[in-house]
Amino acid sequence: MMDIPLDELLASDWDSLIESLSKSDKVCNLYRFFDAVYMWLAIEKDDRTTSAPRLVFTNDHINGIIDIKQDRCWDKISQGYLKEITTSTHTGSNQLVESFLDSDELPTSCINYILFTSEQKFNINRVFTEELQIPLVSDGKVASCTKDTKCALMLRSMPSKSQNDEENFSLKMEYVTDESEDVHYHNVSVVSQTFSFSDESF
(Lines give C-alpha, C1' and ligand atoms only; values in the text may rest on other atoms or scores of the structure.)
Protein backbone atom coordinates (compact mmCIF):
# COMPACT_ATOMS: atom_id res chain seq x y z
CA MET A 1 0.00 0.00 0.00
CA MET A 2 1.07 3.57 -0.52
CA ASP A 3 1.85 6.01 2.27
CA ILE A 4 -1.35 7.88 3.06
CA PRO A 5 -1.43 11.49 4.34
CA LEU A 6 -4.73 10.69 6.03
CA ASP A 7 -5.91 14.20 6.95
CA GLU A 8 -5.12 15.46 3.47
CA LEU A 9 -6.89 12.48 1.88
CA LEU A 10 -10.10 12.92 3.87
CA ALA A 11 -10.15 16.70 3.42
CA SER A 12 -9.88 16.44 -0.37
CA ASP A 13 -12.80 17.08 -2.67
CA TRP A 14 -13.37 14.74 -5.61
CA ASP A 15 -11.42 16.73 -8.17
CA SER A 16 -8.31 17.18 -6.00
CA LEU A 17 -8.45 13.55 -4.88
CA ILE A 18 -8.58 12.21 -8.44
CA GLU A 19 -5.88 14.57 -9.66
CA SER A 20 -3.56 13.51 -6.85
CA LEU A 21 -4.17 9.78 -7.37
CA SER A 22 -3.83 10.03 -11.14
CA LYS A 23 -0.36 11.60 -10.83
CA SER A 24 1.03 9.63 -7.88
CA ASP A 25 3.81 7.17 -8.69
CA LYS A 26 2.72 5.20 -5.61
CA VAL A 27 -0.67 4.49 -7.20
CA CYS A 28 0.63 1.99 -9.70
CA ASN A 29 -2.51 0.00 -10.53
CA LEU A 30 -6.30 0.14 -10.48
CA TYR A 31 -6.45 -1.80 -7.19
CA ARG A 32 -4.58 0.93 -5.32
CA PHE A 33 -6.64 3.63 -7.00
CA PHE A 34 -9.88 1.85 -6.06
CA ASP A 35 -8.77 1.31 -2.43
CA ALA A 36 -7.89 4.99 -1.97
CA VAL A 37 -11.25 6.16 -3.37
CA TYR A 38 -13.12 3.53 -1.33
CA MET A 39 -11.38 4.74 1.84
CA TRP A 40 -12.16 8.36 1.00
CA LEU A 41 -15.83 7.48 0.60
CA ALA A 42 -16.12 5.20 3.63
CA ILE A 43 -14.39 7.25 6.35
CA GLU A 44 -16.32 10.22 7.62
CA LYS A 45 -14.59 13.55 8.17
CA ASP A 46 -14.67 14.77 11.78
CA ASP A 47 -16.98 17.66 10.97
CA ARG A 48 -19.58 15.69 9.02
CA THR A 49 -23.10 16.07 10.42
CA THR A 50 -25.04 14.26 7.71
CA SER A 51 -25.29 10.65 6.58
CA ALA A 52 -25.43 11.75 2.93
CA PRO A 53 -22.62 10.24 0.84
CA ARG A 54 -19.63 12.38 -0.09
CA LEU A 55 -20.40 11.81 -3.75
CA VAL A 56 -23.25 10.49 -5.89
CA PHE A 57 -21.61 8.67 -8.78
CA THR A 58 -22.54 9.51 -12.35
CA ASN A 59 -21.26 8.33 -15.71
CA ASP A 60 -18.97 11.37 -15.81
CA HIS A 61 -17.14 10.17 -12.69
CA ILE A 62 -16.69 6.66 -14.05
CA ASN A 63 -15.59 7.95 -17.45
CA GLY A 64 -12.97 10.04 -15.68
CA ILE A 65 -11.64 6.93 -13.92
CA ILE A 66 -11.60 5.03 -17.22
CA ASP A 67 -9.56 7.84 -18.78
CA ILE A 68 -7.02 7.65 -15.92
CA LYS A 69 -6.79 3.85 -16.28
CA GLN A 70 -6.09 4.17 -19.99
CA ASP A 71 -3.60 7.03 -19.57
CA ARG A 72 -1.67 5.04 -16.94
CA CYS A 73 -1.91 1.78 -18.95
CA TRP A 74 -3.34 -0.10 -15.97
CA ASP A 75 -4.86 -3.58 -16.20
CA LYS A 76 -8.47 -4.09 -15.24
CA ILE A 77 -9.45 -4.86 -11.66
CA SER A 78 -10.74 -8.33 -10.86
CA GLN A 79 -14.51 -8.66 -10.86
CA GLY A 80 -14.21 -11.26 -8.12
CA TYR A 81 -12.15 -8.85 -6.02
CA LEU A 82 -14.92 -6.28 -6.19
CA LYS A 83 -17.67 -8.80 -5.44
CA GLU A 84 -15.87 -10.01 -2.28
CA ILE A 85 -16.07 -6.55 -0.70
CA THR A 86 -18.61 -6.64 2.09
CA THR A 87 -21.62 -4.41 1.66
CA SER A 88 -20.82 -1.22 3.51
CA THR A 89 -23.08 0.99 5.59
CA HIS A 90 -21.75 3.91 3.52
CA THR A 91 -23.88 4.61 0.46
CA GLY A 92 -21.02 6.26 -1.40
CA SER A 93 -18.68 3.27 -1.17
CA ASN A 94 -21.51 0.96 -2.26
CA GLN A 95 -22.05 3.17 -5.31
CA LEU A 96 -18.35 2.96 -6.10
CA VAL A 97 -18.36 -0.85 -6.10
CA GLU A 98 -21.58 -1.03 -8.14
CA SER A 99 -20.31 1.53 -10.66
CA PHE A 100 -17.06 -0.39 -11.15
CA LEU A 101 -18.94 -3.67 -11.62
CA ASP A 102 -21.38 -2.10 -14.10
CA SER A 103 -18.56 -0.70 -16.24
CA ASP A 104 -17.35 -2.57 -19.34
CA GLU A 105 -13.90 -1.00 -19.06
CA LEU A 106 -12.89 -1.41 -15.40
CA PRO A 107 -13.47 -5.01 -14.17
CA THR A 108 -12.29 -8.27 -15.69
CA SER A 109 -14.91 -10.76 -16.81
CA CYS A 110 -13.70 -13.54 -14.51
CA ILE A 111 -12.44 -14.19 -10.98
CA ASN A 112 -8.66 -14.18 -11.39
CA TYR A 113 -7.22 -13.40 -8.01
CA ILE A 114 -6.41 -14.76 -4.57
CA LEU A 115 -8.08 -12.84 -1.75
CA PHE A 116 -6.16 -12.29 1.49
CA THR A 117 -8.33 -11.34 4.48
CA SER A 118 -7.92 -10.93 8.21
CA GLU A 119 -9.27 -13.79 10.30
CA GLN A 120 -9.66 -11.32 13.17
CA LYS A 121 -11.96 -8.32 13.20
CA PHE A 122 -10.44 -4.88 13.66
CA ASN A 123 -12.25 -1.64 14.29
CA ILE A 124 -11.10 0.73 11.53
CA ASN A 125 -10.18 3.33 14.16
CA ARG A 126 -7.66 0.90 15.67
CA VAL A 127 -5.96 0.46 12.32
CA PHE A 128 -5.39 4.21 12.07
CA THR A 129 -4.47 4.88 15.71
CA GLU A 130 -2.50 1.82 16.87
CA GLU A 131 0.61 0.08 15.62
CA LEU A 132 -0.66 -3.35 14.63
CA GLN A 133 0.52 -6.46 12.85
CA ILE A 134 -2.43 -7.97 11.00
CA PRO A 135 -2.08 -11.43 9.41
CA LEU A 136 -3.91 -11.66 6.10
CA VAL A 137 -4.68 -15.26 5.21
CA SER A 138 -5.89 -16.84 1.97
CA ASP A 139 -7.76 -20.07 1.32
CA GLY A 140 -6.23 -20.02 -2.16
CA LYS A 141 -2.62 -20.89 -2.97
CA VAL A 142 0.09 -18.66 -4.40
CA ALA A 143 1.00 -20.27 -7.72
CA SER A 144 4.61 -21.05 -6.77
CA CYS A 145 3.83 -22.29 -3.24
CA THR A 146 4.29 -25.97 -2.38
CA LYS A 147 3.56 -25.82 1.38
CA ASP A 148 0.51 -27.50 2.86
CA THR A 149 -0.44 -24.70 5.28
CA LYS A 150 -2.37 -21.58 4.27
CA CYS A 151 -0.58 -18.74 2.46
CA ALA A 152 -0.48 -15.45 4.37
CA LEU A 153 0.85 -11.90 4.26
CA MET A 154 1.61 -9.62 7.21
CA LEU A 155 0.14 -6.12 7.16
CA ARG A 156 1.61 -3.57 9.56
CA SER A 157 -0.12 -0.30 10.40
CA MET A 158 2.12 2.53 11.57
CA PRO A 159 0.32 5.67 12.75
CA SER A 160 2.30 8.87 13.16
CA LYS A 161 3.72 9.31 16.65
CA SER A 162 3.44 13.11 16.53
CA GLN A 163 0.53 15.50 16.41
CA ASN A 164 1.88 17.11 13.27
CA ASP A 165 -0.87 16.99 10.64
CA GLU A 166 1.75 16.69 7.90
CA GLU A 167 3.01 13.37 9.22
CA ASN A 168 1.95 10.39 7.10
CA PHE A 169 0.09 7.33 8.21
CA SER A 170 1.35 4.21 6.45
CA LEU A 171 0.37 0.64 5.80
CA LYS A 172 3.25 -1.66 4.88
CA MET A 173 3.53 -5.31 3.96
CA GLU A 174 6.18 -6.97 6.13
CA TYR A 175 7.97 -10.20 5.33
CA VAL A 176 8.06 -12.46 8.39
CA THR A 177 9.61 -15.89 8.57
CA ASP A 178 7.43 -17.17 11.41
CA GLU A 179 5.23 -20.16 10.66
CA SER A 180 2.49 -21.88 12.62
CA GLU A 181 0.61 -25.13 12.26
CA ASP A 182 -1.95 -23.30 10.11
CA VAL A 183 -0.17 -20.59 8.09
CA HIS A 184 3.13 -19.53 6.53
CA TYR A 185 4.06 -16.08 5.25
CA HIS A 186 5.14 -14.89 1.82
CA ASN A 187 7.21 -11.94 0.74
CA VAL A 188 4.81 -9.53 -0.95
CA SER A 189 7.03 -9.47 -4.06
CA VAL A 190 6.07 -13.10 -4.71
CA VAL A 191 2.37 -12.34 -4.58
CA SER A 192 0.73 -10.39 -7.39
CA GLN A 193 -2.69 -10.26 -5.75
CA THR A 194 -3.88 -7.45 -3.53
CA PHE A 195 -6.48 -6.79 -0.86
CA SER A 196 -9.03 -4.17 0.09
CA PHE A 197 -10.56 -2.69 3.18
CA SER A 198 -13.93 -4.16 4.05
CA ASP A 199 -16.28 -3.93 7.03
CA GLU A 200 -15.96 -7.71 7.44
CA SER A 201 -12.16 -7.67 7.89
CA PHE A 202 -11.88 -4.45 9.86
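Biologist: Which side chain is joined to that of histidine 186 by a polar contact of 3.2 Å?

Modeller: The side chain of histidine 184, in this predicted model. A polar contact is a pair of N or O atoms within 3.5 Å. Histidine 186 lies in the segment after strand 6, which covers residues 183–185.

Biologist: Is histidine 186 buried or exposed?

Modeller: Buried means under 20% relative accessible area. Histidine 186 has a relative accessible area of 11%, so it is buried.

Biologist: How many helices and strands are in the protein chain?

Modeller: The protein chain has 7 helices and 6 strands. Along the sequence their pattern is β-α-α-α-α-α-α-β-α-β-β-β-β. Of its 202 residues, 46% count as buried.

Biologist: What share of the contacts with a separation of 6 or more comes from residues 24 or more positions apart?

Modeller: In the protein chain, that share is 67%.

Biologist: Turning to a helix pair, at what angle do helix 2 and helix 3 pack?

Modeller: The angle between helix 2 (residues 14–23) and helix 3 (residues 30–42) is about 155 degrees, and their axes are 11 Å apart. Angles over 145 degrees count as roughly antiparallel, and therefore helix 2 is roughly antiparallel to helix 3. Their crossing is right-handed.

Biologist: Which residues make the contact?

Modeller: Helix 2 contributes Trp14, Leu17, Ile18 and Leu21, while helix 3 contributes Phe33, Ala36, Val37 and Trp40. By class, the residues of this contact are 8 nonpolar, no polar and no charged.

Biologist: Where is serine 24 found?

Modeller: Serine 24 sits in the loop between helix 2 and helix 3. Its side chain comes to 3.1 Å from the backbone nitrogen of lysine 26.

Biologist: Why does serine 24 count as buried?

Modeller: The same cut-off decides: under 20% relative accessible area is buried. Serine 24 counts as buried because its relative accessibility is 18%.

Biologist: What is the relative accessibility of leucine 96?

Modeller: Leucine 96 is at 0% relative accessibility and so counts as buried. Its place is in helix 6, residues 91–102.

Biologist: Which residues does leucine 96 touch, not counting those up to four places away in sequence?

Modeller: With those neighbours left out, leucine 96 touches Phe34, Val37, Tyr38, Leu41 and Phe57.

Biologist: How many residues apart in sequence are leucine 96 and phenylalanine 34?

Modeller: They are 62 residues apart in sequence, and 8.5 Å apart in space from C-alpha to C-alpha.

Terms used
Residues numbered from 1 in each chain as written. Predicted model: local features only at pLDDT ≥ 70, side-chain atom pairs only at ≥ 80, totals over all residues. Heavy atoms only, no water. Helix = DSSP H or I, 4+ residues; strand = E, 2+ residues; numbered from the N terminus. Buried < 20%, exposed > 50% of the residue type's maximum accessible area, 1.4 Å probe, protein only. Polar contact = N/O pair within 3.5 Å; in protein donor to acceptor, adjacent residues only side chain to side chain. Axes fitted to C-alpha atoms, helices over the stretch in contact; angles between N-to-C directions. Parallel < 35°, antiparallel > 145°, perpendicular 65-115°, else oblique. Left-handed = near helix turned anticlockwise from the far one by under 90°. Contact = heavy atoms within 4.5 Å. Nonpolar A, V, L, I, M, F, W, Y, C, P; charged D, E, K, R; others polar.
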